[in-house]
Amino acid sequence: MKIGILFSGGKDSNYATYIMSKEHEVKCLISMISKNQESYMFQTPGNNFIKYQAEALNLPIIEYKTDGEKEEELKDLKNAIKDAIKIYDIKAIATGAIKSVYQASRIQKICDELNIWCFNPIWQIDEKTFLRKLINEKFIISIIGIFSYPFTQNNLGKILNNNLYKELVELEKKYKINPAGEGGELETFVLDSPIFKKKIEIIKSKKIMDSENSGILKIEKLKLIEK
Amino acid sequence: MKKIIENKKICTKKFKKFSSKILIISTCQHKLHENEFIIPITKLIKNEFEIINYKNINQNNIKNYEKIIISGTALKDFDYLNYLENFNFIKTTNKEVLGICAGFQIIGKLFNCKIRKSQEIGFINIENFKNNKLLIKGTYQTYCLHNNSLEINSNFEILAKSQTSTQIIKLKNKEIYGILFHPEVRNNEIINNFINN
């Protein structure tokens, strides 16, 4: 089946892309660029650089700007998916939704209205199992946003590896955070995956903090390198 | 699918002491929908279990199991309705059966309920009228994903309802249950109660 991936550049949608590509024909990525930093639906900090991931995956990308207002961004998403149907003849959307019923049910409704299939291949996945899979399958994932206690600017730019995994599991025990950031604690940006044809290197970035426990790694320059 | 096989292996090894073997019947036409509709169920099951697809059911693979769970599937997926005869064993079985969403529709169809249009997607509140094997009396927030429900006939007892649909049914005099919402997403205790009670 021809699939479009609802793609944010983070670990969830990248892993969904990886799983879907094993059994289906992934035709395009669909990315909503939200002007609202607190978008209800879409990740924001890595937005400007998603196109590099598309290039690394050798997939076309539909980037669709949205104001990020609650119901308006759903209309924009529907229009973006309509474009993907028109241009790439996709018959299904896949998402990286894990826990959010808010997000998943709205996308289900849009797919229903457009009469296409909807896949959520990591729906309800256990977070720790998921993080282990990402490490074992050699995804390179950078933390580019932290939005809650006990995370600090020291976490920004960290790469998910066995040590960070242990740290996240400890923080889960101690502070009840979601170790995969599903509660909105973390945003991630994928630098390499098993299906990337090239990998990404961040050349220049800076940390911008709103408060002690909230901030982003603003990527300013990156490049694609051969694998 | 590899993942499911791995799960099965783990369960067989770790939980041999549990007597009740569970069969999960997948109603998914597309394999990757099993990630969404089957794997979340398997995460809740500590017993030994096996998964078979609706197209491959036969008497031999049913007899080894004490309890049967029929899964849900994607909103656009109705292919299982073309294989209803594969589920005919439910009409005469003494095994305990729990049908979720598509499984709810299958159980209703087998006992002559009509399918009717009724879309509920997202969080839906339901009223569970009395204590039963699956759930104690009360109001629950459930996760729904369906375009159809059933016109329930007198073969069934209605255990729970939302504003617009019947949500939990029980076949009279048998331990055969249908649930329209998805207990593998919210209200996980239903699956535990079905298996352990």
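Between chain A and chain B of the predicted model, eight residue pairs are in polar contact, both partners of each pair having a pLDDT of 80 or more. On the side of chain A that touches chain B, helix 1 (11-23), helix 4 (101-113) and strand 5 (117-119) each supply at least two residues, and helix 4 of chain A gives the most, with five residues. No salt bridge is counted between chain A and chain B. The contact draws 22 residues from chain A and 24 residues from chain B. The size of an interface is often expressed as the accessible area lost when the parts come together; here the area buried between chain A and chain B is about 2,100 Å², and carbon and sulfur atoms give 60% of that area.

For the model, the ipTM is 0.92 and the pTM is 0.92. Chain B has an average pLDDT of 91, with 90% of its residues scoring at least 70. Over residues 1-18 of chain B, however, the pLDDT is below 50, although this stretch has 24 contacts in the model beyond near neighbours in sequence. Where pLDDT is low, predicted coordinates should not be read in detail.

In chain B, D77(B) is placed in the loop that runs between strand 3 (67-70) and strand 4 (96-100). D77(B) is buried but has no salt bridge, and the nearest side chain of opposite charge, that of K55(B), is 8.3 Å away. The side chain of D77(B) is instead joined to the side chain of T73(B) by a polar contact of 2.7 Å. When neighbours within four places in sequence are left aside, the residues in contact with D77(B) are T27(B), C28(B), Q29(B) and H30(B), together with W117(A) from the other chain.

In chain A, Q53(A) belongs to helix 2, which spans residues 50-57. Because its relative accessible area is 0%, below the 20% cut-off, Q53(A) is classed as buried. A polar atom of the Q53(A) side chain lies 2.9 Å from the backbone oxygen of G9(A). Apart from neighbours within four places in sequence, Q53(A) is in contact with F7(A), G9(A), N14(A), F189(A), V190(A), F196(A) and I200(A).

Methods: Residues numbered from 1 in each chain as written. Chains lettered and ligands numbered in written order. Heavy atoms only, no water. Helix = DSSP H or I, 4+ residues; strand = E, 2+ residues; numbered from the N terminus. Buried < 20%, exposed > 50% of the residue type's maximum accessible area, 1.4 Å probe, protein only. Lys, Arg positive; Asp, Glu negative; His and termini not counted. Salt bridge = Lys/Arg side-chain N within 4 Å of Asp/Glu carboxyl O. Polar contact = N/O pair within 3.5 Å; in protein donor to acceptor, adjacent residues only side chain to side chain. Contact = heavy atoms within 4.5 Å. pLDDT = per-residue confidence, 0-100. Buried area = accessible area lost by both parts, 1.4 Å probe.
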